[in-house]
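Hi,

Here is the structure I promised to pass on. Have a look at it first, and then read my notes on the salt bridges below.

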Amino acid sequence: MLTPRRLVAGFFALFLAVVIVDHVFPPPLDRAGGLSALVTDRHGKPLRAFATPDGRWRFSGDLDKIDPEFVEALLRVEDKRFYDHRGTDWTGLMRALVDSAAAGRVVSGGSTITMQTARMLEPRDRNAGSKLVEIFRAWQLERRLSKDEILALYLSLTPYGGNLEGVRAASWSYFGHEADRLSQDEIALLIALPQSPEARRPDRHPAAAARARDWVAEKLRRYGAFSAEDAAEVAASSVPGRRRDFPDRAWHGAEKALAEGPREDVVSTLDAALQAEVERIAAERAEDEGAEVQVAALVVHIPTRAVRAIAGSASRDRPGGWLDLTAQARSPGSTLKPFIYAMAFDDGAAAPDTRVADLPTRFASYQPENFDRMFRGDVRVSDALQHSLNIPAVLMLDKVGPERFAAQLALAGARPRISGGADHDAGLAIALGGAGLTARELAVLYAALGDGGVAKPLIWRADEEGASFESAGNRLVSAESSAEILDILRRAPTPEGRMPGSLTANAPQIAFKTGTSYGFRDSWAAAVSGQHAIIVWVGRADGAPRPGVTGREAALPILFEIADRTAHHLRDEGEATMRLTSERRLRSHGALRSLAEAGPPQILFPPRDAELWAGSVNGRAPRPFVFSGRGDGNLSWYVDGRACDLDDAGAPVWQPEQPGFYTVTAVDPEGRSSRVRVRVITGPA
């Protein structure tokens with residue numbers, strides 16, 4: 001007998017069973033994962049879209065990115081009581097059953113948006129049993145998600161034919177734009193297609209797509225969502241006859257921005273206008289350089305470290321173009337020299353006006369040469385840096401210490417790759433490119449140079465710019481030394497045909513350094529231009545040499561062109577402070593007047609163990625040898641203990657009387673001396 005107690009117990013048992021089943025068999029929401037992602041520039045302009053891992057286009061159904069008029073029209077057609085029911089519209093379901101029974105066929109399924117979402121999450125054959133499962137799953141979804149979350153899920157899963165799912169993917173593919181602003185004909189088509197997505201694909205069945213669209217437009221007219229004129233305009237419009245390509249710009253930069261966080265729609269730090277310019281410049285210059293050549297470039301906003309433009313390669317159609325060459329370690333050539341001098345300034349070992357010797361010098365087994373194989377004697381540090389002299393840079397690194405220099409770079413976020421692996425120490429060759437760095441790491445270093453010597457990592461997502469601006473970073477060199485180095489680099493000789501920026505109105509003031517790796521494999525140009533750090537690399541992706549091609553010839557003109565375009569595009573944002581400042585530069589205190597320490601004289605000629613020809617030349621009598629050296633004060637010269645004569649100009653000269661071995665000695669006023677042994681030859685040995 002059915003008593004109230006048994007009735008209550010039965011209801012309680014049923015409720016408990018439902019709760020247990022709900023807990024044991026939750027709705028498969030994980031199947032809604034694997035969304036596509038759209039990367040935009042910092043102003044929201046689309047750059048590149050990424051498909052799901054299985055090759056489908058399925059963007060999130062974020063209601064903020066979908067036209068509200070479309071959402072309203074969709075609810076009018078598919079589920080008028082969506083915000084009132086709890087997953088199943090029982091009135092609509094019963095009406096669908098009655099209509100179908102009267103017609104003798106299925107006229108309407110009576111499924112709500114929640115039930116359709118459940119079916120898309122868990123596809124099944126269409127029958128009565130499946131309908132019951134959909135009703136249960138819809139109830140589960142309503143318990144777990146808000147109405148807007150269910151609607152967003154529906155809008156991301158709705159099939160549109162082929163590999164298109166969701167209204168945003170369909171809008172991009174068929175109309176070429178985001179779904180946030182849709183015309184009436186676009187709204188009607190996007191509502192009509194999911195009801196039979198393959199049979200109504202406009203790119204394959206345009207007539208069927210047009211009929212379905214017009215039917216939806218007429219239905220919306222009857223509901224009052226469209227006017228008669230709207231419906232007529234929809235019927236008069238054509239349907240898209242093909243699928244469009246998804247956004248595909250900033251290939252490498254967009255990929256890096258996406259990889260920096262969750263796989264979702266990303267607002268990057270890139271500037272679309274500048275990005276297009278940098279890509280164009282890279283492509284044109286690579287074409288000029290030859291079929292095998294690539295160009296890579298970076299533009300970084302120094303205050304925030306936001307990457308404003310990146311060309312990982314000139315073109316994916318050229319060899320190595322699929323690689324992001326800004327992330328490949330290469331020999332940086334001479335681009336590290338400014339940081340060597342800056343650390344020496346910090347130590348008080350040198351200042352811009354310090355005299356340093358550009359003479360043949362051996363460091364144990366290492367004997368560097370200048371690029372042009374010439375030597376200039378005593379030069380100022382500022383001149384040595386501006387003209388990229390090798391021997392002064394190595395002398396300065398010897399003072400700073402190569403291990404300390406490499407460690408400072410690593411702490412700043414630019415770890416040099418030393419040839420031979422971890423067991424090999426950094427040597428003096430690092431001054432001339434003897435360690436690998438990427439273009440991104442050089443951008444970190446040059447951005448630090450433009451930010452008072454403070455190094456910070458590069459930023460790729462717009463929502464991280466504020467945190468980067470406020471972060472303390474790592475001190476690479478002092479602000480004073482950074483300012484002095486920038487002042488030196490601004491006064492370096494500009495490319496051929498380019499007037500110095502200080503003489504040109506509104507021209508960018510560029511503090512730049514070039515570099516060429518051993519064997520002419522890599523051509524570099526790096527700069528601080530106003531509030532931006534710019535890095536340019538030119539070379540072959542396979543590392544093959546390009547004999548005779550230097551950074552000044554290949555990379556520097558590209559850098560100056562990019563600097564001009566950066567000033568043009570970013571000036572309105574207040575980011576391109578380009579003119580020289582009138583502030584007085586701080587000078588290093590306590591720096592040496594000369595890098596050389598007090599010591600004995602240095603004999604420049606004759607070299608040690610030299611063989612000197614003292615015989616006649618073309619029948620003419622031999623000329624005397626003129627000695628040369630450097631030291632404190634005037635030097636006195638002796639050959640085998642006998643003082644040398646002086647010529648009319650006061651230079652020491654020596655005319656050997658016979659062949660043989662001699663000892664040449666130079667003595668300074670303090671009594672310090674140096675000597676070399678030479679051999680004089682007058683005829684065949």
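Let's start with Arg-376, which makes a salt bridge with Asp-358, with 3.8 Å between the closest N and O atoms (the term means a side-chain nitrogen of Lys or Arg within 4 Å of a carboxyl oxygen of Asp or Glu). Arg-376 sits in the loop between β8 (355–358) and β9 (377–380) and Asp-358 in strand β8, so the pair ties together parts 18 residues apart in sequence. Helices (H or I, at least four residues) and strands (E, at least two) are DSSP runs, numbered from the N terminus. Asp-358 is buried at 0% relative accessible area, while Arg-376 is partly exposed at 38%. Buried means under 20%, exposed over 50% and partly exposed in between, using a 1.4 Å probe and protein chains only.

A quick word on the source: this is a predicted model, where local features need pLDDT of at least 70, side-chain atom pairs count only at pLDDT 80 or more, and totals for chains, interfaces and linings use all residues. Residues are numbered from 1 along each chain as its sequence is written, and side-chain values use heavy atoms, leaving out hydrogens and water.

Across the whole structure, the search turned up 37 salt bridges. Another one joins Arg-285 and Glu-561, with closest N and O atoms 3.0 Å apart. That pair links distant parts of the chain, helix α12 (residues 272–289) and helix α21 (residues 556–570), 276 residues apart.

Cheers
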